[in-house]
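This report describes how parts of one protein model are arranged. Please keep the sequence and the structure in view while reading.

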Amino acid sequence: MADIRFDGKVAIVTGAGGGLGRQHALELARRGAKVVVNDLGGSVDGSGGSSAAADAVVAEIKAFGGEAIANGGSVTDDAGVANMVKQAMDAWGRIDILVANAGILRDKSFSKMEMSDFEAVMNVHVMGTVKPAKAVWEIMKAQNYGRIVVTTSSTGLYGNFGQANYGAAKLALIGFMNTMKLEGQKNNIHVNAISPVAATRMTENLMPAEVLEKLKPEYVTPAVVYLVSEEAPTGVILTAGAGAFAQARIYETEGVYLGEGGLSVEEVRDNFARITDPGGQKAYVNGGEQSGKFFRKMQGG
């Protein structure tokens with residue numbers, strides 16, 4: 001099969017000044033894409049800012065003959081996001097790919113977490129994905145083509161101590177993807193999620209050095225690049241790390257119809273094992289399918 005190429009395509013990669021985003025931007029450029037390298041250049045907790053990191057990645061891309069421009073705006077700032085999109089349109093006249101990778105951490109147990117810590121993480125991860133997606137959405141619709149990857153996490157999918165803010169934000173992005181994949185379908189806009197495990201600034205203090213060595217960001221990038229290719233699926237959560245790849249899915253059990261007349265909490269208790277029995281469970285696909293399943297249960301089907 002032919003190599004995956006992005007000649008003539010334009011990509012925006014947020015949080016691309018280092019770690020995962022840098023690798024995504026470099027690989028897209030190597031494969032022919034013109035890339036907007038966005039990075040606020042702040043610290044892991046979101047404070048500070050400098051365009052130096054984005055400029056350095058652009059220099060790397062230009063050094064191997066690629067085409068890229070730097071953007072140091074915040075993905076949470078409306079004017080900054082609008083300017084980032086304008087930069088791409090002024091330079092190249094289209095936007096085909098958005099990789100929403102920007103993020104921060106403010107890890108604390110929920111007891112010790114300030115609401116400002118929760119709000120800051122939600123703002124960067126959720127609104128910092130939604131705002132760029134909104135800004136490119138009409139462009140992609142007009143082109144009848146677009147590829148968007150949001151960045152989720154095992155913390156969002158399964159939980160992790162001390163990351164209530166991060167987990168809430170990361171699972172929120174799955175809800176966002178699940179709707180946007182439906183809304184983008186008729187305009188050939190595919191929306192997917194990557195759940196990476198990689199050695200970056202955000203994970204360097206969480207794992208031993210020998211583990212981090214096996215979790216290089218470049219081991220995640222092939223999954224992201226595939227998810228923004230013309231051949232990409234839509235609505236997929238792809239996990240990637242240390243050379244291993246898998247699909248994460250949301251399942252619903254077959255469940256039990258208990259009727260309506262005189263329904264009680266005791267009936268739920270007494271049937272809980274049947275309600276949660278994994279036999280016959282199916283992967284969640286879309287709201288319409290689940291609604292149909294619900295009504296079939298009501299009818300005893």
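## Helices α4 and α6

Helix α4 passes helix α6 in a right-handed crossing, a crossing being right-handed if the near helix is turned clockwise from the far one by less than a right angle, and left-handed if anticlockwise. The contact joins D117, F118, V121, M122, H125, V126, T129, V130, A133 and W137 of α4 to A164, N165, Y166, A168, A169, K170, A172, L173, F176, M180 and E183 of α6; contact means heavy atoms within 4.5 Å. By class, 15 nonpolar, three polar and three charged residues take part in the contact of α4 with α6. Here Ala, Val, Leu, Ile, Met, Phe, Trp, Tyr, Cys and Pro count as nonpolar, Asp, Glu, Lys and Arg as charged, and the others, Gly among them, as polar.

Helix α4 covers residues 115-143 and helix α6 residues 164-183; they pack at an angle of about 20°, with their axes 8 Å apart. Axes are lines fitted to C-alpha atoms, for helices over the stretch in contact, and angles run from 0 to 180 degrees between N-to-C directions. Helices α4 and α6 are therefore roughly parallel to each other (angles under 35 degrees count as roughly parallel, over 145 as roughly antiparallel, 65 to 115 as roughly perpendicular and the rest as oblique).

## Basis of the model

The model is predicted: local features need pLDDT of at least 70, side-chain atom pairs count only at pLDDT 80 or more, and totals for chains, interfaces and linings use all residues. Residues are numbered from 1 along each chain as its sequence is written, and side-chain values use heavy atoms, with hydrogens and water left out. Helices (H or I, at least four residues) and strands (E, at least two) are DSSP runs, numbered from the N terminus.

## Helices α1 and α2

The axes of helix α1 (residues 19-30) and helix α2 (residues 52-63) come within 10 Å and cross at roughly 25°. These two helices, α1 and α2, are therefore roughly parallel to each other. The residues in contact are R22, A25, L26 and A29 from α1, with V57, E60 and I61 from α2. Five of the residues in the contact of α1 with α2 are nonpolar, none is polar and two are charged. The crossing of α1 past α2 is right-handed.

Helix α1 is mostly covered, with nine of its 12 residues buried; buried means under 20% relative accessible area, exposed over 50%, and partly exposed in between (1.4 Å probe, protein chains only). The buried residues are L20, G21, Q23, H24, A25, L26, E27, L28 and A29. Their cover includes the strands β1 (10-13), β2 (34-38), β4 (97-100) and β6 (189-196), together with the helices α2 and α8 (221-227). Just after α1, G32 takes a positive phi of about 105°.

## Positive phi in two loops

Most residues other than glycine have a negative phi. N188 is not a glycine, yet has a positive phi of about 55°. N188 lies in the loop between α6 and β6 and counts as partly exposed, at 26% relative accessibility.

A242, also not a glycine, has a positive phi of about 55°. Its place is in the loop between β7 (237-241) and β8 (244-248). A242 is partly exposed, with a relative accessible area of 43%.

## Residue D78

D78 is found in helix α3 (residues 78-92). With a relative accessible area of 52%, D78 is exposed. D78 and P132 are 54 residues apart along the chain, and their C-alpha atoms are separated by 8.8 Å.
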